[in-house]
Amino acid sequence: MKFQKKHPELSIDDSLDSLKHKKTFLNRFMYNRAKMINSFVNEEESQEQFLNQMLSYGSVALFIFLPFFTIFLKLFYIRRNYNYVDHLIFVFHTQTVFFMLLSIYFLLEIFGVKPQLWIFTILFLLYLFIAMRKFYNQGYFKTFIKFIFLNICYFIISSIGISIVLLISFALF
């Protein structure tokens, strides 16, 4: 990164020769990523492009990871007489509500209102708890315990998903 910052005009091959590295695919890729990081640090437009690409991949990844989260629902409600598709429909339904709340948040922001994100987060979590209680017909205590554990599972799955999306976005940017 330091070498690329000092000599931005050099080609990849000349730079690798100067650094005494072989011209392998991995070395070219790594040098290209160093070039990208340097442009990312210096140019605001590059940062915005990266963020847009990451959001684009993120929306696709969300729909890929939802079926994995549905497996956890299936496991948590294994004694209930619901099949996998019932759980999947429930997950898609709650994600739709999440996106509706997120859309309202951004619309308010566009119109100059400064909404608090934590309010929308609380609204979604409250909705999710009520939806789980109504859909699965269990008591408040059991629903609350499963709600907590499912949110922990979702947090873990989403952290893995965000990491994968970040790596893919970084590699393809």
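**Exercise 1. The largest pocket**

Task: State what volume the largest pocket has and which elements line it.

Solution. The volume of the largest pocket is about 1100 Å³. Of its 36 lining residues, Leu62, Gln95, Phe98, Tyr154 and Ser158 are the closest to the centre. Two or more residues of the lining come from each of the elements H4, H5, H6 and H7. A pocket here is, on a 1 Å grid over the protein atoms alone, an open set of points where a 1.4 Å probe fits, with protein on both sides within 12 Å along at least five of seven lines; lining residues have an atom within 4 Å of a point. Grid points are joined across faces, edges and corners, and the volume is the space filled by probe spheres set on the points. Helices are DSSP runs (H or I, at least four residues), numbered from the N terminus.

The model is predicted: local features need pLDDT of at least 70, side-chain atom pairs count only at pLDDT 80 or more, and totals for chains, interfaces and linings use all residues. Residues are numbered from 1 along each chain as its sequence is written, and side-chain values use heavy atoms, with hydrogens and water left out.

**Exercise 2. Aromatic pairs**

Task: Classify the ring pair Tyr77 and Tyr136, and then the pair Phe129 and Tyr140, from centres and planes.

Solution. A pair of aromatic rings is described by the distance of the centres and the angle of the planes. Rings of Phe, Tyr and Trp (its six-membered ring) pair if their centres lie within 6.5 Å; planes under 30 degrees apart count as stacked, over 60 as edge-to-face and the rest as tilted. The structure holds 17 aromatic pairs.

Step 1. The ring centres of Tyr77 and Tyr136 are 3.7 Å apart and the planes lie at 5°, so this pair is stacked. Tyr77 belongs to the loop between helix H4 (44-76) and helix H5 (84-110), while Tyr136 belongs to helix H6 (residues 117-136), so the pair ties together parts 59 residues apart in sequence. Both Tyr77 and Tyr136 are buried. Buried means under 20% relative accessible area, exposed over 50%, and partly exposed in between (1.4 Å probe, protein chains only).

Step 2. For Phe129 and Tyr140 the centres are 6.3 Å apart and the planes at 25°, so this pair is also stacked. Phe129 lies in H6 and Tyr140 in helix H7 (residues 140-172), so parts 11 residues apart in sequence are tied together. Phe129 is buried at 16% relative accessible area, whereas Tyr140 is exposed at 56%.

Step 3. Tyr77 and Tyr136 also belong to one aromatic cluster with Tyr82, Phe90 and Phe135. Arg133 lies over the face of Tyr140, 4.2 Å from the ring centre; the criterion is NZ of Lys or CZ of Arg within 6 Å of the ring centre and within 35 degrees of the ring normal.

**Exercise 3. Positive phi**

Task: Determine where Asn137 and Lys20 are placed, and whether each is buried or exposed.

Solution. Asn137 is in the loop between H6 and H7. Its phi is positive, about 50°, although Asn137 is not a glycine, and at 55% relative accessibility Asn137 is exposed. Lys20 is in the loop between helix H2 (12-18) and helix H3 (25-42). The phi of Lys20 is near 60°, and at 74% relative accessibility Lys20 is exposed.
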